[in-house]
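Student: Could we go through this model together? I would like to talk about packing and then about a single residue.

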Amino acid sequence: MAKPASSRTRKPATAPATLPGADHNRERPGEPESYKASKEELLEFYRQMLLIRRFEERAGQLYGLGFIGGFCHLYIGQEAVAVGIQSALTPGKDSVITGYRDHGHMLAYGIDPKLIMAELTGREAGISRGKGGSMHMFSVEHKFYGGHGIVGAQVSLGTGLAFGHKYKEDGGVCIAYFGDGAANQGQVYESFNMAELWKLPIIYVIENNGYAMGTSVQRSSSEGELYRRGESFRIPGIQVDGMDVLAVRGATETALEYVRAGKGPILLEMKTYRYRGHSMSDPAKYRSRDEVQHVRDTSDPIDGLKKVLMEAGVKEEDLKSLDAQIRKTVSEAADFAESSPEPDASELYTDVLVEQY
Ligand SMILES: Cc1ncc(C[n+]2csc(CCOP(=O)(O)OP(=O)(O)O)c2C)c(N)n1
Ligand SMILES: [Mg+2]
């Protein structure tokens, strides 16, 4: 039987015209290097990652005790991503947007853990006045635009934030975080197309933790190397060890330099892992305990940095006292949240959008 002619191999009669605005000679970013941190910076990265871990452990307990209702997605295991990226940003200039797994991102901004815990427990003192909960935290002051429960929505919204940076010429870059599951959504690719055509200042960060709820990347993605997902839009991508805070920081610097130079968007795939279930109500039957234990034993971001700190001459007892301080901060946040009042019933009628557009 004759082979069908492949339309891919057939040459067009005339060369295709170059799309207006499209840059067909896209420059590639340089090879990122691991960040060379001072001892003080290493300690600060360690403190922030441990704060996220202890905070999330406590949030899990409070959920179990019934203090937190609704959804609650913990960030345990992924700490190096938010801490490494956030440390490279310029506060008040760059913007951030993410999905529902957002507590760690807020903590990495240095936002008071009391306000975050109060939000988780639905208290008036919470950062969204107790009305947003785990998935809907905001801090416009920090240019942190949420906290979104609709998978992938933050990618298009973040592209809009990047458009705002370019339009206002404020020099800012938007960091839009999303998961491996969200990476299969259509709106992601519509956003990529616009961002590249308009050379928007945005870093798309895929937090590839291996699973979307109970579905692994292997089962859901025909191209599992997610850093390549921007290629057909000419958006370069870099795959990063998201369990190594210094690798994350180094790659972010490379990406920021590239985007700030006006070269357009870039994609960072952070290879990471979540130790806990998708949310607090996930029995996690889709993977073995051994799998989780293996990652904890071989690539934990906090243990990894601890080794670097010890090599830099930091003593074990200093790290222990840091842990004690962090536990105290987290306990104070939990006490504050538990003893704070809930919003008044009249708050049901505030912050409700009633205008027509
Ligand atoms: C549009 C939409 N579809 C489905 C859901 C249900 N849902 C919530 S989280 C999730 C998985 C997303 O996984 P991933 O993007 O990998 O993020 P991760 O939870 O691993 O951080 C799904 C399907 C949703 N919230 N929104
Ligand atoms: Mg995921």
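Predicted model: local features only at pLDDT ≥ 70, side-chain atom pairs only at ≥ 80, totals over all residues.

Student: At what angle do helix 2 and helix 8 pack?

Tutor: Helix 2, residues 79–86, packs against helix 8, residues 245–260, at an angle of about 40°, and their axes are 8 Å apart. That angle makes helix 2 oblique to helix 8, and the crossing of the two is right-handed.

Student: And which residues meet there?

Tutor: From helix 2 come Ala80, Val81, Val83, Gly84 and Ile85, which meet Val245, Val248, Arg249 and Thr252 of helix 8. By type, the residues of this contact are six nonpolar, two polar and one charged.

Student: Switching topic, which residues touch the most other members of the largest nonpolar core?

Tutor: That core has 82 residues, and those touching the most other members are Met49, Ile175, Ala176, Ile202, Ile203, Val205 and Leu268. Helix 1, residues 39–64, gives the most to this core, with ten residues.

Student: What does Val205 touch?

Tutor: Leaving aside residues up to four places away in sequence, Val205 touches Ile85, Ile175, Ala176, Tyr177, Leu268 and Met270.

Student: Now Asp94, is that buried or exposed?

Tutor: Asp94, in the loop between helix 2 and strand 1 (95–97), is buried, because 25 other C-beta atoms lie within 10 Å.

Student: Which residues does Asp94 touch, then?

Tutor: Again not counting residues up to four places away in sequence, Asp94 touches Leu89, Lys143, Gly172, Val173 and Ile175.

How values were computed
Residues numbered from 1 in each chain as written. Chains lettered and ligands numbered in written order. Axes fitted to C-alpha atoms, helices over the stretch in contact; angles between N-to-C directions. Helix = DSSP H or I, 4+ residues; strand = E, 2+ residues; numbered from the N terminus. Parallel < 35°, antiparallel > 145°, perpendicular 65-115°, else oblique. Left-handed = near helix turned anticlockwise from the far one by under 90°. Contact = placed C-beta atoms within 7 Å. Nonpolar A, V, L, I, M, F, W, Y, C, P; charged D, E, K, R; others polar. Core = buried A, V, L, I, M, F, W, Y, C linked by C-beta atoms within 7 Å. Buried ≥ 20, exposed ≤ 12 C-beta atoms within 10 Å, placed from the backbone.
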